[in-house]
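The sequence and structure come first.

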Amino acid sequence: MAESPADDERSYYALLGVSPGASDDEIKRAYRQLATTLHPDKVANAAYHDEAALLFTRIQEAYEVLSDPQQRDIYDVYGKEGLAAGLQLGDKLKTRDELRAEWEAFQKQQKKAELEASVNYRGVYQFKIDATALVNPYARHVARTPELTNIYMTSGLDVPLESRDWGWLASEQDVAHLGGLVNVRKNVGGGSFLAGYKRHFADFSSFEVHGAVGLRTLLSAQHTVQLSPESSASLVASWQPNAGVGLQFVSTRQLSPTLSGEYSWVVGPLESSGMSLGLTRRTDKLMLTGRLEVGAVTGLVCRAVRQLSAAATGRLALKLTTAGIELDVGGSRRFSETATAGCAVTVGLQGITLKLRYNRAGHLFEFPILLSSSPLDWPTLAGAYLLPPLLYLAGRDLVVGPLSRGIAARRSRTERQQQAEVIRAALALARSAAELMLPVARRRLDKEQRHGGLVVALALYGEEAAVAQMAKEAPQRWAAAQAAAAAAPEQDAERQASQQQQQGEQQQGDAQSASEAAQHAAAQQREQQQQHQQAPGGDGGGGGGDVPPAVADVTVAVQYMVESSKVVFHKGYPKSGLMGFCDPAPGAAKALLVYFTFKGRPYRTTISDSEGASLPARGVAVEREAEAEMVLGLATQLGSAAAAGAGGSSAALSSAPSAASLASLSGSSLAWLTGEAGSG
């Protein structure tokens, strides 16, 4: 059997079922266990001799690399490419000094790449819109088109510079800043050119200068010193042509692991002078900020930010100043590592403003939309608070969600169609591995069931959406299959009685016609059996035609992993590399669904592809009656089959009606689930 390209990507750690940090003893134990199962000379069924030889070669290759400390280090750093380059082959194995030289060269390249990647581009783009005429028109003849009243844009980049040793002025890092600013209001405005330089010194201090020329001319210098591990201080001096010289002092201190304080004193210019005192409390999911300001603007500013989920954040801000009261309520959601979108409603003396924000890779786009000039416009206020979240939920569930799922499904189907032969070969090899692992899995299942331990009733691995759909349909299909199985004996009895009656009434028949009918029925039966054999048992999820299924049944492989009522899935590599697994949906997000019983109770769990987990600790009790009945019924059938097989000969242990399940369910391990059979 030829190896597929995807096999080259299998992790050696996954092949042996150990973690990347496994000890030598753990690696040796895992290899011996698999070698005992997959050694070609110990395979009872000769039909699987070639598959056993291929699988044994793979685990032997993995063990040879991971058991050699030097080859394992090379594999951990460079992967299989480093081994294929000859680093692990006899005389070509390089010395420690040569490897160190290569590693230092690699680090230099990485440092250069990091320096180039550390060029930081950022910007703020604000577009203020007046939509009061649209929301609440003043008169019929007034245009209801929203008006763009203000545009503010600032953009710049920070460029790390190569540091130089200037004696006591030695620098750890130098950064240059270049940027620009544009501010236009009612078609009137201008722009400025910004430039700056920042130098970090070795004594935990920094010095920076900034300048602006154009709409706003400014020159400033700032010196920051880390006074202690808990406190720092900054002194800022500035000069503006019309305002003169300004001076500001800022001090921050970490009061506790979660509480910090900041004191600021602006000495000048006079129109900006004042003092402020702020406190910030940070926990894992909550940040509270309070600031008291006295001077040109006197007031109290409070803010709370709460992490609602892994991707969603809510915030509340209240500002009480001599200029009025302002309340800001909103939230944001992270859609990727670099993209965040948010919405907020601000109510103050200026009216009701809806703020839409989008931040991507350091560039913030903000659209403040003035909805009403009156803060007491209750209908507009209610609409501002209710409509955005409702539109977001409706768009997510009715438009964006189905569209993205449809695109992902079509992309996955196209990918599976293009790699159909590779996927079918991988599925066939996984079924062969399951056949070879079946005797051990049955013995472990029988032992677990007799002691009330962990029994794997069903395990599905593949495309995340297809796995979820299978789990949703499984209880209903199981109930239908059981009902059909219960009705089968009665139907057989009625059919037999009808045939006997017809034989008694029939005086003569055409023997040739009967022979042809029998041949036709036998041909149909053979065709159905071939279809069942071609359709991978338990590989549902839309398999058919030229497109292989997106889900694989890995029940045997997971039960094989059970030891002392426990299964451990290590993180750090895809589960498709585990023995008895394969990748039925290349390029798609995949998940592992496991139904199991522990101490007689049904459980289920869903584990993402590279996530680590331990069963039964990860399991969630099955509450739905139909789903619980399915899990318990499957576990009972599998336990009966295992008990029957465990007492037989070696040949009996190796023979299985289905290569992908611990028990036979109407000729196809998951025929009841995939709908490939008409009855259970």
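## Salt bridges

The side chains of Glu421 and Arg424 meet in a salt bridge, with N and O 3.7 Å apart; the term stands for a side-chain nitrogen of Lys or Arg within 4 Å of a carboxyl oxygen of Asp or Glu. The model is predicted, so local features need pLDDT of at least 70 and side-chain atom pairs count only at pLDDT 80 or more, whereas totals for chains, interfaces and linings use all residues. Residues are numbered from 1 along each chain as its sequence is written, and side-chain values use heavy atoms, with hydrogens and water left out.

Glu421 and Arg424 both belong to helix 9 (residues 420-450), where a spacing of 3 residues separates them by about one helical turn. Helices (H or I, at least four residues) and strands (E, at least two) are DSSP runs, numbered from the N terminus. Glu421 is exposed at 61% relative accessibility, and Arg424 is partly exposed at 32%. Here buried means under 20% relative accessible area, exposed over 50%, and partly exposed in between (1.4 Å probe, protein chains only).

By this rule the count comes to 17 salt bridges. Three of them are listed below.

| Arg29 | Glu563 | 2.7 Å |

Arg29 forms its salt bridge with Glu563. This pair links distant parts of the chain, 534 residues apart: Arg29 is in helix 2 (residues 24-38), and Glu563 is in the loop between helix 12 (555-560) and strand 20 (567-569). Glu563 is partly exposed, with a relative accessible area of 27%.

## Aromatic pairs

The structure holds 7 aromatic pairs. Rings of Phe, Tyr and Trp (its six-membered ring) pair if their centres lie within 6.5 Å; planes under 30 degrees apart count as stacked, over 60 as edge-to-face and the rest as tilted. Phe127 and Phe367 have ring centres 5.6 Å apart and planes at 20°, so the pair is stacked. Phe127 lies in strand 1 (residues 120-130) and Phe367 in strand 17 (residues 363-372), so the contact ties together parts that are 240 residues apart in sequence. Phe367 is partly exposed, at 31% relative accessibility.

Ring pairs also link Tyr12, Tyr13 and Tyr75 into a cluster.

## Helix 4

Tyr75 is one of the buried residues of helix 4 (residues 69-78), together with Gln71, Arg72 and Ile74. Seen down the helix axis, the buried residues fall within an arc of 160°, so they line one face of helix 4; the arc is that of the directions from the axis to the C-beta atoms.

At the N-terminal end, Asp68 caps helix 4 with a side-chain oxygen 3.0 Å from the backbone nitrogen of Gln70. Gly79 follows helix 4 and has a positive phi, near 75°.

## Nonpolar patch

Leu292, Val294, Leu300, Leu316, Leu318, Leu320, Ile325 and Leu327 form a nonpolar patch on the surface, with about 640 Å² of accessible area together. Two or more residues each come from strand 11 (286-295), strand 13 (312-321) and strand 14 (324-334). Patches are made of residues with over 30% relative accessible area and no salt bridge: like charges are joined within 9 Å, nonpolar side chains (Val, Leu, Ile, Met, Phe, Trp, Tyr) within 5 Å. Accessible areas come from the Shrake-Rupley method with a 1.4 Å probe; for residues, only the protein chains shown count as cover.

Strand 13 gives the most to the nonpolar patch, with 3 residues. Leu316 is placed in strand 13 and is partly exposed at 43% relative accessibility.

Methods: A polar contact is a pair of N or O atoms within 3.5 Å; within protein, one must be able to donate a hydrogen and the other to accept it, and residues adjacent in sequence count only if both atoms are side-chain atoms.
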